Amino acid sequence: MAEPIRVLVTGAAGQIAYSLLYSIAKGDVFGKDQPIILVLLDIPPMLPVLDGVVMELQDCALPLLRDVIPTDKVEVGFKDLDAAILVGSMPRKEGMERKDLLKANVAIFKTQGAALDKYAKKTVKVLVVGNPANTNCLIAAKSAPSIPKENFSCLTRLDHNRARSQVAMRVGVPSDSVKNVIIWGNHSSTQYPDVHHAKVNNHGKEVAAFDAVKDDSWLKGDFISTVQQRGAAVIKARKLSSAMSAAKAICDHMRDIWFGTPEGEFVSMGVYSSGNSYGVPDDLIYSFPVMIKNKTWKVVDGLEINDFSRGKMDATAAELVDERDTAISFLGV
């Protein structure tokens, strides 16, 4: 058996973590022969709830789970980590300005970035889930100067999965028959779900998504707005935000980092923007199509971008620049 790896989940008493922890502990993410030490971090008032989660994980009797460590202390939570999944963040409350939300989250992710820098392995892979995910991820990366920026990513796989599923349902094929959808930009309602490069395996024949769907106005209209607004639609229906689907997306994202993407396929991840072929400004965490090999992602460069896509990619980049500049203005505070 391999040595156990240390995996941190923050916001570990919350509902996304409740859907997530079993899959990690069972071996669905890091492999069926990889023992795991789960570190569960949350704020002090949530510690009694966390104790209940620990009991449940113990009661699952999972052979790969070597230890579960609940804590509210960063020096315990971030020590010697191989992977960090940062789910916990300050949620937007009614009447709260986006600026106030950013300010609260800058403080959280500055602290967590500094803790990663001080206590975690330099090879740690960090996935930021808590919203605003892209900018929270950027702040964490900037606050951990000794860890490569490439080790940080934010979750847009949920949007990617949503886009894939919408196309699959429209064509009437299983979701794994759809590949290479792209989420560009911010994990917000300005994101751009793009199927210009997507392929659909329709009864054994691989065709372009536009040819498979045969409804351009839907693909350029309702499809995009459905994916952009899906989170809000779930909240409206469930009175709670996406948890099961978010947990599944986290597992997909981390498994792909660990084991790589299938040959000829790319997935969407918010990653550090630095000298790309798409004219996206540097120093943002922006969602690109990426391929992953040996735990290293690479942006899929050189895809053709039409005017329709260009406008949408630029709009979401502009939102991210604005978020970044606002967040950085709080960093010194």
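The protein has 11 helices and 14 strands. Those are DSSP runs numbered from the N terminus: H or I of at least four residues for helices, E of at least two for strands. This is a predicted model, where local features need pLDDT of at least 70, side-chain atom pairs need 80 or more, and totals for chains, interfaces and linings use all residues. Residues are numbered from 1 along each chain as its sequence is written, and side-chain values use heavy atoms, leaving out hydrogens and water.

Overall dimensions next. The radius of gyration, over C-alpha atoms, is 19 Å. That agrees with a compact globule of 333 residues, which would have a value near 20 Å, by the rule of 2.2 Å times the number of residues to the power 0.38. Along the principal axes, the C-alpha atoms fill a box of roughly 55 × 45 × 40 Å.

Now packing. Of the 333 residues, 54% are buried, meaning under 20% relative accessible area with a 1.4 Å probe, protein chains only. Take contacts, heavy atoms within 4.5 Å, at a separation of 6 or more: 73% join residues 24 or more positions apart.

On to helix 9, residues 222–238. It has a kink of about 60 degrees, centred on arginine 230. The bend there is the angle between axes fitted to the seven residues ending at a residue and the seven starting there. Which residues of helix 9 are buried? Phe223, Ile224, Val227 and Gln228. Their cover includes helix 6 (157–171), strand 8 (182–184), strand 9 (192–194), helix 8 (216–219) and helix 11 (307–331). Just after helix 9, lysine 239 takes a positive phi of about 65 degrees.

Technical notes:
Buried < 20%, exposed > 50% of the residue type's maximum accessible area, 1.4 Å probe, protein only.
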